[in-house]
Amino acid sequence: RLRPYIYALALGVYCTTWTFFGAVGTAVRDGWSYLPIYLGPALVFLLGMPFLSRLVSVARAHNITSIGDFVSSRFGKSPALAALVTIIALTAAIPYLSLQYKAVGTSIDVLTGSSASHPAWFADPAFGVAILMAIFAALFGTRQIDATEHHEGVMLAIAFESVVKLLAFVAVGVFALLHLDEAPPLDATRLGDLRDVASPSFAASALLAAAAIFCLPRQFLVGVVECADPADLRTARWLFPAYLAVFTAFVVPVVLAGLGAGLADTHHPDAFVLTLPMQHGQTALAILVFLGGLSAATAMVIMASIALATMITNDLIMPLLWRSRWLQSAVGTDVGQLVLWLRRVTIVLLALLAYGYYRGTSTPASLAAIGMLAFAAVAQFAPAILAGLYWRGATRGGVFIGLLVGYAVWIYALL
């Protein structure tokens, strides 16, 4: 009876540290520009239920394990197509994973009052966070070789984390509402000009967010592969948009109360959610907010790591091993255990790569900028998915060239 609700809440893995911390920062800098990241996915579930139902049904019928597997299976089980999708997903995920480490590391610094701007890697809280999250994902996300088997325990954990971060955000939002008497007038915040909603950039951001809800590897894993029954989508159709709506609504009071408290002069806008209660001496609330941000980061890292490890192992590593004939000549090799260990090692290497990206970027970007970078990359998959579902005339070569050209443009223009 609870499964549809667990599934709908697990979809809240979409709300990473970008939406938990970064949405407030975006609202401070750009007003209503924070809305598209919530609006796009909500519209997909409210208006696109026939598409989602078809996507889930096709994936279940073909025992799909990942988004790379899906695109490949719709176009003749092309190994080259699956490999290209995996490479694009991997390139997009590294900055996005680094975003989570950055947000949690910054939160720890804010909470503890640390002034170290760039500590050594072994003393960096973000490094410890990266390793611990990777170990958790490796232990609990790679217990079985069959990637089509449902991770019921992991889904329950992710659903629980969705509740934790929602409660934390609502708590700080209610706290902000109680301190709105200190806030400046609405016109002074740049949130009052609704003309921004009609801008091309607003529509483009909403379109990218709409594509991300089924194109991000972790969202495809949670929303499609882990969907035990297409009927569960009926519950998700109203519960998930409602979940996003609560986040959307409470961003505004946090922004207004933060500006009223003068936080814009002393703190980064992305940290308003955490610094607002600290400014008023509410330590318990600040710790709850930190746990909410940690939940947002942990859920994303776990599901993204599981999804990417499956894709990398199935579509890149194992085909190379088979071609080298090493597996065929190795006597007594337990291929199942080998695949599981490859996935675990891949998860740890992903964490190290993402941490290296975080340490190697000289100019600190906002959480929203890094998140939108990943959204733009995985949006390349949307035409391939739609063509695979609805366009019988689509060809494998056309999809491959489209993905390759889009990936090249993304690298040149954005990455």
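A salt bridge is taken here as a side-chain nitrogen of Lys or Arg within 4 Å of a carboxyl oxygen of Asp or Glu. The structure is a predicted model, in which local features need pLDDT of at least 70 and side-chain atom pairs count only at pLDDT 80 or more, while totals for chains, interfaces and linings use all residues. Residues are numbered from 1 along each chain as its sequence is written, and side-chain values use heavy atoms, with hydrogens and water left out.

We can begin with the overall fold. The protein contains 18 helices and 0 strands (DSSP runs numbered from the N terminus, of H or I with at least four residues for helices and of E with at least two for strands). Its radius of gyration is 21 Å, close to the 22 Å given by the globule rule for 415 residues, so the protein is as compact as a globular protein of that length. That radius is taken over C-alpha atoms, and the globule rule is 2.2 Å times the number of residues to the power 0.38. The C-alpha trace spans about 70 × 50 × 45 Å along its principal axes. Of the 415 residues, 55% are buried, where buried means under 20% relative accessible area, exposed over 50%, and partly exposed in between (1.4 Å probe, protein chains only). Among contacts (heavy atoms within 4.5 Å) with a separation of 6 or more, 86% come from residues 24 or more positions apart.

Helix 4 (residues 49-61) has 13 residues and reaches 18 Å from its first C-alpha to its last, close to the 18 Å expected at 1.5 Å a residue; the expected span is 1.5 Å times one less than the number of residues. Its buried residues are Met-49, Phe-51, Leu-52, Leu-55, Val-56, Val-58 and Ala-59. An α-helix has 3.6 residues a turn, so residues three or four places apart point the same way. The buried residues of helix 4 pack against several partners, including helix 3 (36-47), helix 11 (232-260) and helix 17 (381-390). Just after helix 4, Asn-63 takes a positive phi of about 50°. Helix 17 is itself mostly covered, with 7 of its 10 residues buried; among them are Phe-381, Ile-385 and Leu-389. The cover over these buried residues includes helix 4, helix 5, helix 6, helix 9, helix 16 (367-378) and helix 18 (396-413).

Next come the charged pairs, with a count of 5 salt bridges. In one of these, the side chains of Arg-3 and Asp-229 meet at 3.7 Å, N to O. Arg-3 lies in helix 1 (residues 3-10) and Asp-229 in the loop between helix 10 and helix 11, so this pair ties together parts that are 226 residues apart in sequence. Arg-3 is partly exposed, with a relative accessible area of 41%, and Asp-229 is also partly exposed, at 29%. A network of salt bridges links Arg-3, Asp-229 and Asp-232. Asp-270 forms a salt bridge with Arg-29, the closest N and O atoms being 3.7 Å apart. Here too, distant parts of the chain are linked: Asp-270 sits in the loop between helix 11 and helix 12 (272-279) and Arg-29 in helix 2 (residues 17-30), 241 residues apart. Asp-270 is buried at 9% relative accessibility, whereas Arg-29 is partly exposed at 24%. Finally, Lys-77 pairs with Asp-69, their closest N and O atoms being 3.5 Å apart, and Asp-69 is buried at 15% relative accessibility.

Asp-315, in helix 13 (residues 283-323), is buried yet has no salt bridge, and the nearest side chain of opposite charge, Lys-77, is 8.4 Å away. For charge, Lys and Arg count as positive and Asp and Glu as negative; His and the chain ends are not counted. The side chain of Asp-315 makes a polar contact with the side chain of Thr-86 at 3.2 Å. A polar contact is a pair of N or O atoms within 3.5 Å; within protein, one must be able to donate a hydrogen and the other to accept it, and residues adjacent in sequence count only if both atoms are side-chain atoms. Leaving aside neighbours within four places in sequence, residues in contact with Asp-315 include Asp-69 and Thr-86. Glu-161, in helix 8 (residues 152-177), is likewise buried without a salt bridge, with Lys-165, the nearest side chain of opposite charge, 6.7 Å away. The side chain of Glu-161 reaches the backbone nitrogen of Ala-299 at 3.3 Å.
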